[in-house]
Amino acid sequence: MARSYEPHDIEVKWQSVWDAEGLYKVSEDPARPKKYVLEMFPYPSGDIHMGHVRNYSIGDVIARYWTMRGTNVLHPIGWDSFGLPAENAAIKSDSHPATWTYANIEKQAASFRRMGFSYDWDRRLASSDEEYYRWGQWIFIKFWERGLVERKSSPVNWCPSCMTVLANEQVIGDGVCWRCKSVVQKRELEQWYFKITEYAQELLDDLDELPGWPERVKAMQANWIGRSEGAEVDFKLCDASGEPTDETITVFTTRPDTLFGCSFFLLAPEHPLVARLVEGTEYAPSVNEVVAGAAKETAIDRSSTDKEKNGAFIGRCVVNPVNGEKVPVWVADYVLMEYGTGAVMAVPCGDQRDFEFARKYGLPIPPVVVPADDPLYEQLKDQTERVVTDVDWDVAHADEGIMVQSGQFTGTPTGKHGEGVTKVIAWLEERGQGHASINFRLRDWLISRQRYWGNPIPAIHCPSCGLVPVPEADLPVVLPADVDVTKGETLADHPEFYETTCPACGGAARRETDTMDTFTCSSWYYLRYCDARNDAAIWDKDKADYWMPVDQYIGGIEHAILHLLYSRFFTKVFRDMDLVDFAEPFTNLLTQGMVKLDGATMSKSRGNVVAPEDMIARYGADALRAYILFMAPPDKDLEWSQDGLDGMYRFLGRVWRYVTEVAEEPVSDSPATDAEPAKVLRRERHRVVGKVEDDIERFQFNTALSAMMELLNAATDYRRTVPEENRDVSLEREVATTLVLLLAPYVPHMAEELWREVLGVQTSVHRAEWPVWDPMAAAADEVEMAVQVNGKVRARLVVDAGASEDTVRELALALPKVAEHTEGLTVRKVLVVPRKLVSIVAN
């Protein structure tokens, strides 16, 4: 047996053995507890880089650890392989997206095997596989049957670079595309939507059922769902002569108590009424100028509190239902169609943006909510009618106060802690002019994309029958391979694809040429892993209910709103379809930090990736795995540097030498003659096993490795300082075995070689039982405690670990240094923090 650590032959050897043995294949076993460990499946954008190494090493340690703890662990892998980047890369390389994608999948698969990740490869999938996207189309049809699919015309987010629409969640930062960072435009298009809003309340409520999720992620989802309580209020629209009509415009407001302060009315530039109301009027030029200007800006920019507000009067009024006043209707660029109804009752005394708009255009600012300590309150406290139409305030303020100039509600406390809101809503409901309502910021999920490399939408446009779903028996709608994306072709340019017959009437029809957002593929892949080779059903319900929910999900914080929210939505629909018996897909979520280079997150798109090949060639995959987990806690970002990799390699070499040396020594029946060092080493062995176990379960992989280093140091110190004839070889073998077991999740190849070839165990270390430890055996016999006098450490006290507090007090007060610093003083208090500190207060 080699006395030095040579990883390369070892790693290739054991990867082949594991494949031959089917070591990581699993199946349902109701007699055993299960763990489903899953890292978010990768996009095949090229070979893996250090960000991948970190993410998938984290998951592999967790999966291997729980396997050794006796659980039945599902740990699969696949690829999120549809999407625009593949199409763009194919155009750039003058190839086909499928060619580019599947070449990268094979490249990544080889690298994952080279890293020794413990995947059940029999469950491997790719979302661009026909046998996978077939079921994505089936899901679409089932959602359609349940009323969760809608095709409608609306303003959408258009990326001019990607040449496709984006969901609201895919517009990030300052209104840019999440992929290419181009500024997103607004266009009016007819698109397909999933009605995620039908589940908005449940998606919000069930965040409380996810204690294993980071609070930051739950807060991001809650804010995105954006539940607001208030009222919907109907305003009658007046005709061009100012006479009220039967047509109403409904607004949503969280502050119906301020209705008496509505002095103008606003419509979003995209509101369908705007063009109709100004057509052919003298107001059209100025209104159209505002509409055109808003179209050039992002929603983020338009809603910014710092931006100057622009608007134009449209020549109409609406009637305020609470006082009958006619208020002018304006179009304003800061009003968004995405929130509420796209119409706003402007209350400038209580909303800062309305306040600034009113100041700019000389509109009234009547105060209707005034703090009791404001001098204006004394003037208006009994005033039910409007007598003051402007204020000398610099900013709006109406959060809390007393209602004034508000009819019969004058004098009513209002705001978060007042009753004005509920009273006004009840009054509106009695009069049939409004009602209590809940509004969500969340909008339906726009899923259609005007690009080739995606899952075809299984719908047919029939001139006679309208929109018709593709029959289930005809699935999948196969994505044709002979589309040349290098010439800008899409499915809409491919008559062999879109020319078809209507399944309802048999007449000529046109197949839908949009493809689905790739997030529809990643919203259910975790369920398909449970039964990946099922051709008859999307999955077997019993298998899904055995493995699901995912016990530990691992991925980046950037998916907090997109993938994670969509997956929760899909799971709830599947529950309602009786496909599963649970409502949440991921019980625990670990959002790992990013791996950065020169301060920027590693990414193929940035061109700043560091590939692992050279480091594997020099140090082996095991050293790289251990090193990247040692660099920082998994939830923290880390700046990549390989400066410490050599040190990790040397540590593994020391483990190798220690285990091989101990394994070569015969075990003596004679007891060790130097018992105290053996006692210390045995205690250290128990302590380290307990710490590693605790650290792994808390994802503190770096400190777990530090503890293993401490155990190796203790073991080698024992071996160096205790004469050979006095050493307890049985204890040394126990420590060597323990080190191999503890390291197995981190360095699986080296651990397997030491376990089977050096220690002579016939079965895999990865099927061995996790080492046991005894908390009593890990406890020290004595502890050292700091002794403070009036807040300053004056002495240290060594006592029996089990000494009582009275004994500790007595011994501390007897210390010479303590006596010196309390001489002439009266000891008032002696506080004992067990095993750590004695604090003496004297004056």
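This is a predicted model: local features need pLDDT of at least 70, side-chain atom pairs count only at pLDDT 80 or more; totals for chains, interfaces and linings use all residues.

Guide: Residues are numbered from 1 along each chain as its sequence is written, and side-chain values use heavy atoms, leaving out hydrogens and water.

Visitor: Why are α1 and α25 called roughly perpendicular?

Guide: The axes of α1 (residues 7–21) and α25 (residues 748–758) cross at roughly 80 degrees and come within 9 Å. Angles under 35 degrees count as roughly parallel, over 145 as roughly antiparallel, 65 to 115 as roughly perpendicular and the rest as oblique. The two helices are therefore roughly perpendicular.

Visitor: What makes the pair Tyr525 and Tyr526 edge-to-face?

Guide: Rings of Phe, Tyr and Trp (its six-membered ring) pair if their centres lie within 6.5 Å; planes under 30 degrees apart count as stacked, over 60 as edge-to-face and the rest as tilted. Here the centres are 5.9 Å apart and the planes stand at 75 degrees, so the pair is edge-to-face.

Visitor: How do you know that Tyr525 counts as buried?

Guide: Buried means under 20% relative accessible area, exposed over 50%, partly exposed in between (1.4 Å probe, protein chains only). Tyr525 has 0% relative accessibility, so this residue counts as buried. Tyr526, also at 0%, is buried.

Visitor: What makes Lys152 sit over the ring of Tyr193?

Guide: A charge sits over a ring if NZ of Lys or CZ of Arg is within 6 Å of the ring centre and within 35 degrees of the ring normal. The charged end of Lys152 is 4.8 Å from the centre of the Tyr193 ring.

Methods:
Axes are lines fitted to C-alpha atoms, for helices over the stretch in contact, and angles run from 0 to 180 degrees between N-to-C directions. Helices (H or I, at least four residues) and strands (E, at least two) are DSSP runs, numbered from the N terminus.
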